[in-house]
Amino acid sequence: MAKRKTVRVGVIGCGQIGTRHIQNYRQMGNVEIVAVADISARARRAGAEAAGGALALADFRELLAMDEIEAVDVCLHNNLHAPVSIAAMEAGKHVYCEKPMAGSYADALAMHRTARRRRRKLAIQLYTLFLPETKVARHMIEAGALGRPYFARSVGFRRRGRSFVDGYGSRDFVDRDVSAGGALYDVGVYHIAQMLHLLGNPAPRTVTGSTYQELEMYPDRRRKSRYSVEELGLGYVRLAGGVTLVIEESWAIHLGSLGAGCIAGHKAGLTFEPLTLHTTTDDVEVDAAVQVKQTDTRWRQVYPGYAAYESAQHHWVATLDGTAAEPIDSGAVALNVMLISEGIYLSQQLGREVTAAEVAKRSKSSALKV
């Protein structure tokens with residue numbers, strides 16, 4: 001087997017998520033972290049150490065000016081994703097960016113267009129696209145096991161798991177000026193992206209939605225946090241091809257469960273966690289457990305290129321070194337997730353259904369200056 005190309009990257013943002021990305025890169029044999037950047041001296045020193053002695057920089061622009069870096073990993077707050085990612089692509093770098101793609105659809109679209117114009121690769125950290133359940137479900141759908149999919153449900157549940165106010169994470173996650181959104185942007189993006197990916201990423205046509213911030217919280221944490229985002233996001237989306245997507249995403253709700261995500265076709269359906277096939281055979285209803293772990297293990301052994309789909313970061317590196325036979329365009333999926341999420345916010349604001357064209361027209365940049 002030919003030796004894989006060494007991919008030289010720079011990491012912008014050395015907080016909790018950035019450190020995790022650095023640790024993941026260090027486990028890959030063909031990635032060299034050349035430099036890290038963070039405005040915090042402590043964070044950038046820690047990031048450089050975790051990266052094995054990478055150059056530590058205070059200004060991300062210095063990192064972008066380094067010719068030896070071909071790709072950057074952007075691990076910043078949501079409203080910084082677009083300006084830094086766009087600057088990186090304008091500097092000739094490929095970009096892997098944390099989710100959500102940006103703070104607004106307008107900013108995400110600007111990222112997408114910059115990638116196309118500058119002919120740069122743009123990937124978004126959407127780990128759910130590479131889960132064993134997702135890979136097995138996608139194989140079954142593409143093989144025709146479900147027939148024609150026409151309904152999907154995206155679900156995310158936390159009974160009481162709001163950032164900061166419920167005891168973990170930073171208050172930046174619940175300040176709209178920084179995060180741009182709450183439950184939908186924090187974890188909803190993963191579940192919506194998973195369903196769009198499995199459906200073939202059909203274009204959104206219309207969105208109806210509601211958001212809520214209803215549950216009590218510790219008064220001092222409410223005050224300190226400037227809590228201004230949703231704890232519950234709900235949506236009803238009409239997609240191209242006559243497919244309907246229902247969205248239920250909770251950071252906090254007085255229920256024991258919201259159920260499971262699912263996809264239904266005219267021949268069969270799938271529910272997730274655990275992956276289960278539902279169909280009718282010889283006029284008998286059948287619910288069958290899908291052997292995800294066994295299948296995933298076998299595929300690892302028999303398909304030489306399967307390692308390129310191990311995780312979002314593995315796939316990103318495989319896309320850069322040319323070993324991903326069929327690259328997954330996570331940027332295109334993330335862009336539709338942004339349109340749907342902002343459509344839910346706009347629908348809540350206007351009290352009615354909105355079209356995709358209307359969301360795009362009304363969307364404004366929420367990006368912070370860098």
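This is a predicted model: local features need pLDDT of at least 70, side-chain atom pairs count only at pLDDT 80 or more; totals for chains, interfaces and linings use all residues.
What is the volume of the second largest pocket?

1. **Second largest pocket.** The volume of this pocket is about 570 Å³. Its lining has 17 residues. Nearest its centre lie Arg138, Glu142, Tyr306, Tyr309 and Glu326. Helix α6 (residues 132–142) gives the largest share of the lining, 5 residues. By class, the lining of the second largest pocket holds 8 nonpolar, 5 polar and 4 charged residues.

2. **Largest pocket.** The space in the largest pocket is about 1,200 Å³. It is lined by 49 residues, and those closest to its centre are Ile17, Cys75, Leu76, His77 and Phe173. Several helices contribute. At least two lining residues come from each of α1 (16–26), α3 (60–64), α4, α8 (183–198) and α11 (312–321). The largest share is from α1, with 5 residues. The lining of the largest pocket divides into 21 nonpolar, 19 polar and 9 charged residues.

3. **Strand β7.** Look at residues 149–156. Why is strand β7 largely enclosed by the rest of the structure? Because 6 of its 8 residues are buried. Buried here means under 20% relative accessible area.

4. **Partners of β7.** Strand β7 pairs with β11 (residues 262–265) in the antiparallel sense, over 4 bridges. In that pairing, Pro149 is opposite Gly265 of β11. Strand β7 also runs parallel to β10 (residues 243–250), joined by 6 bridges. There, Ala152 has Leu245 of β10 as its bridge partner.

5. **Length of helix α5.** Now check residues 105–118. Helix α5 has 14 residues, and at 1.5 Å a residue it should span 20 Å.

6. Which residues of α5 are buried? They are Tyr105, Asp107, Ala108, Leu109, Met111, His112, Thr114 and Ala115. An α-helix has 3.6 residues a turn, so residues three or four places apart point the same way.

7. **After helix α5.** Arg119 follows α5. Its phi is positive, near 55 degrees.

Definitions and conventions: Residues are numbered from 1 along each chain as its sequence is written. Side-chain values use heavy atoms; hydrogens and water are left out. Buried means under 20% relative accessible area, exposed over 50%, partly exposed in between (1.4 Å probe, protein chains only). Two strands pair if DSSP finds at least two bridges between them. The expected span of a helix is 1.5 Å times one less than its number of residues. On a 1 Å grid over the protein atoms alone, a cavity is a set of points where a 1.4 Å probe fits but cannot get out, and a pocket is an open set with protein on both sides within 12 Å along at least five of seven lines; lining residues have an atom within 4 Å of a point. Grid points are joined across faces, edges and corners, and a volume is the space filled by probe spheres set on the points. Ala, Val, Leu, Ile, Met, Phe, Trp, Tyr, Cys and Pro count as nonpolar, Asp, Glu, Lys and Arg as charged, and the others, Gly among them, as polar.
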